[in-house]
Amino acid sequence: MHPVAIAPSILSADFARLADEAASVQAAGADFLHVDVMDGRFVPNLTLGPVLVDCLHRATPLQLDCHLMVEAPDHLLADFAKAGARWLSVHIEACPHLHRTIQRIRTLDVSPGVALNPHTAFSAIEPILGDVDFVCVMSVNPGFGGQSFIRSTLDKVRAIDAWRREHNPALRIEIDGGINATTIGEARAAGVDWFVAGSAVFGQANRGAAVAALRSAAGARSQA
């Protein structure tokens, strides 16, 4: 298991003040920023494109984890790499030629990841795990912030963690959706390393205290 990383989701920030919002969570102790990219087709909402990601990249030293919740993401990979993505994940449900897509991300000098929806089984991603640097497990249905944590997704986290212990200890496990000071301990105990948190950070008046509380809750539960 790797050290805990807290990645506030810019989806929950004030879009009129993105530079200030990024600076606030940097000062709060965030490890990197999670950027939810939605196309209005794979998921209902429409959010950030490469131009705004480029602006965000220039506004903050925090590295950007871009999560492409889009149909047919291949034509966007180069644009997000150029915009400053450090990590780039695509959904298995949106990629008929996933291995090729992952290879393409790596040729762009970006770390590739695979994301999967709550209903997608571990067996669906097992063949690609040796080719990615991280897995993003959706613990809510993608497309909206503020949803309740789906605890059954932790079974997949445990399966991924068991796989990496045997085959690739360097693999990181990320979880996205419903993470707060109550749920983060359960997710950490299951094997999660990276925690995407939206309203649990950006929705709090004291963001430094919020990040510290998440980190503490993850550490306390993982040692129990």
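Helices (H or I, at least four residues) and strands (E, at least two) are DSSP runs, numbered from the N terminus. Residues are numbered from 1 along each chain as its sequence is written, and side-chain values use heavy atoms, with hydrogens and water left out. The model is predicted, with local features needing pLDDT of at least 70 and side-chain atom pairs counting only at pLDDT 80 or more, while totals for chains, interfaces and linings use all residues.

**View 1. S9 in its loop.** Let us start with S9, which lies in the loop between β1 (5–8) and α1. At 4% relative accessibility, S9 counts as buried; buried means under 20% relative accessible area, exposed over 50%, and partly exposed in between (1.4 Å probe, protein chains only). Contact here means heavy atoms within 4.5 Å. Not counting residues up to four places away in sequence, S9 touches H34, D36, V196, A197, G198 and F202.

**View 2. The buried residues of helix α1.** Which residues of α1 are buried? They are L18, E21, A22 and V25. These residues cover an arc of only 100° around the axis, which puts them on the same side of α1; the arc is that of the directions from the helix axis to the C-beta atoms. Just after α1, look for G29, which takes a positive phi of about 105°.

**View 3. The ring pair of F32 and W87.** The structure holds four aromatic pairs. Rings of Phe, Tyr and Trp (its six-membered ring) pair if their centres lie within 6.5 Å; planes under 30 degrees apart count as stacked, over 60 as edge-to-face and the rest as tilted. The ring centres of F32 and W87 are 4.7 Å apart and the planes stand at 45°, so this pair is tilted. The pair links distant parts of the chain, 55 residues apart: F32 is in the loop between α1 (18–27) and β2 (33–38), and W87 is in strand β4 (residues 85–91). F32 counts as buried at 4% relative accessibility, and W87 counts as buried at 9%.

**View 4. The ring pair of F134 and W194.** With centres 5.4 Å apart and planes at 45°, the rings of F134 and W194 form a tilted pair. This pair also links distant parts of the chain, with F134 in strand β6 and W194 in strand β8 (residues 194–197), 60 residues apart. Are F134 and W194 buried or exposed? Both are buried. Ring pairs link F32, W87, F134 and W194 into a cluster.

**View 5. Strand β7 and its partners.** Four of the five residues of β7 are buried, so this strand is largely enclosed by the rest of the structure. Two strands pair if DSSP finds at least two bridges between them. How many bridges join β6 to β7? There are five, and the two strands run parallel. F134 has R172 in β7 as its bridge partner. β7 and β8 also run parallel, joined by three bridges. I175 stands opposite F195 in β8.

**View 6. Helix α6 and what covers it.** The expected span of a helix is 1.5 Å times one less than its number of residues. For the 14 residues of α6 (residues 154–167), at 1.5 Å a residue, that span should be 20 Å; the end C-alpha atoms are 20 Å apart, which agrees. Buried in α6 are L154, K156, V157, I160, D161, W163 and R164. What covers these buried residues includes β5 (111–116), α5 (122–125), β6 (134–138), β7 (172–176) and α7 (184–190).

**View 7. The cysteines C66 and C136.** A disulfide is a pair of cysteine sulfur atoms within 2.5 Å, and a search of the whole structure finds zero disulfides. For C66, which is in no disulfide, the nearest cysteine sulfur is that of C136, 12 Å away. C66 is buried, with a relative accessible area of 0%. C136 is buried, with a relative accessible area of 0%.

**View 8. A210 in helix α9.** Our last stop is A210, placed in helix α9 (residues 207–222). A210 counts as buried at 10% relative accessibility. Leaving aside neighbours within four places in sequence, A210 is in contact with A200, V201 and Q204. The C-alpha atoms of A210 and R172 are separated by 23 Å, and these residues are 38 apart along the chain.
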